[in-house]
Amino acid sequence: MTPVLAASAGNVLVWIVWVVAAFSCLASGVAVVSFSNAFYSALALIGNLASLAVMFLLLSAEFVAAAQVLVYAGAVVVMFLFVIAYVGPRRETPWAGGPTWQGVGAVLAAGALFVEIVVAIGLKAGGRLSHTDHVGSVFGSPGWIGKLFLTDHLLAFEITSIVLLVAAVGGVILGSHTKRSPAVAATEPAPERELEAVR
């Protein structure tokens, strides 16, 4: 096989992987907000993060892809699953009683993000975003990213860790104060009901 054919086959393979990862990312993102069971939504979120990691790999951002899998899919989503399992399965019906301010805000935020993406694609297609800049050899390395986190973005980095800690503690508190429904309590064996009455 000539080098030209090999390069062409490599480009086709990259495009196939990119299209599959992009559609997987969109499908899993829709699944996250579509499932009524929070456990299934968290599992779909793992698929979304894995698809993003593949796209980061195609951009030669190996460290960001590894962090995407290890930190988010391997730690944050596991914490979500722990909180969901601790609190118990709940089926959410966000539009049951009509639109709330959270739902309206989510729709407005999604619309603003969509407009931003359309504007960015339009500017890029028109050549207005074309510019050249010098990128050093250490750009994107673990040391460079760690230095950026602990200098320019230290406040946001620490606030994120505090928010995750508060979420974990809040999940434990909600789980400890969750009351079971009378129908579930009636189906329990008698010793368990008596122990619950003592408590």
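The entries go from the whole chain to single residues.

Entry 1, ground rules. I am reading a predicted model, in which local features need pLDDT of at least 70, side-chain atom pairs count only at pLDDT 80 or more, and totals for chains, interfaces and linings use all residues. Residues are numbered from 1 along each chain as its sequence is written, and side-chain values use heavy atoms, with hydrogens and water left out.

I find 8 helices and 0 strands in the protein chain; helices (H or I, at least four residues) and strands (E, at least two) are DSSP runs, numbered from the N terminus. Of its 199 residues, 15% count as buried. Buried means under 20% relative accessible area, exposed over 50%, and partly exposed in between, with a 1.4 Å probe and protein chains only.

I looked up the largest nonpolar core and got 6 residues: Ala-42, Leu-49, Ala-73, Val-77, Leu-81 and Ile-84. Such a core is a set of buried Ala, Val, Leu, Ile, Met, Phe, Trp, Tyr and Cys residues joined through side-chain atoms within 4.5 Å. Helix 2 (38–58) and helix 3 (62–87) each supply at least two residues of this core, and the largest share, 4 residues, comes from helix 3.

I count 21 residues in helix 2, with 31 Å from its first C-alpha to its last, close to the 30 Å expected at 1.5 Å a residue. The expected span is 1.5 Å times one less than the number of residues. Buried residues of helix 2 include Ser-41, Asn-48 and Ser-51. At the N-terminal end, Asn-37 is the cap, with a side-chain oxygen 3.0 Å from the backbone nitrogen of Phe-39. Just after helix 2, I note a positive phi of about 65 degrees at Ser-60.

I find a nonpolar patch on the surface with about 930 Å² of accessible area together, its residues including Trp-15, Val-17, Trp-18 and Val-54. Areas come from the Shrake-Rupley method with a 1.4 Å probe. Helix 1 gives the largest share of the patch, 8 residues. Val-17 sits in helix 1 and is partly exposed, at 32% relative accessible area.

I place Thr-160 in helix 6 (residues 154–177). Its side chain has a polar atom 2.8 Å from the backbone oxygen of Ala-156. Thr-160 is partly exposed, at 45%.

Methods:
Patches are made of residues with over 30% relative accessible area and no salt bridge: like charges are joined within 9 Å, nonpolar side chains (Val, Leu, Ile, Met, Phe, Trp, Tyr) within 5 Å. A salt bridge is a side-chain nitrogen of Lys or Arg within 4 Å of a carboxyl oxygen of Asp or Glu. A polar contact is a pair of N or O atoms within 3.5 Å; within protein, one must be able to donate a hydrogen and the other to accept it, and residues adjacent in sequence count only if both atoms are side-chain atoms.
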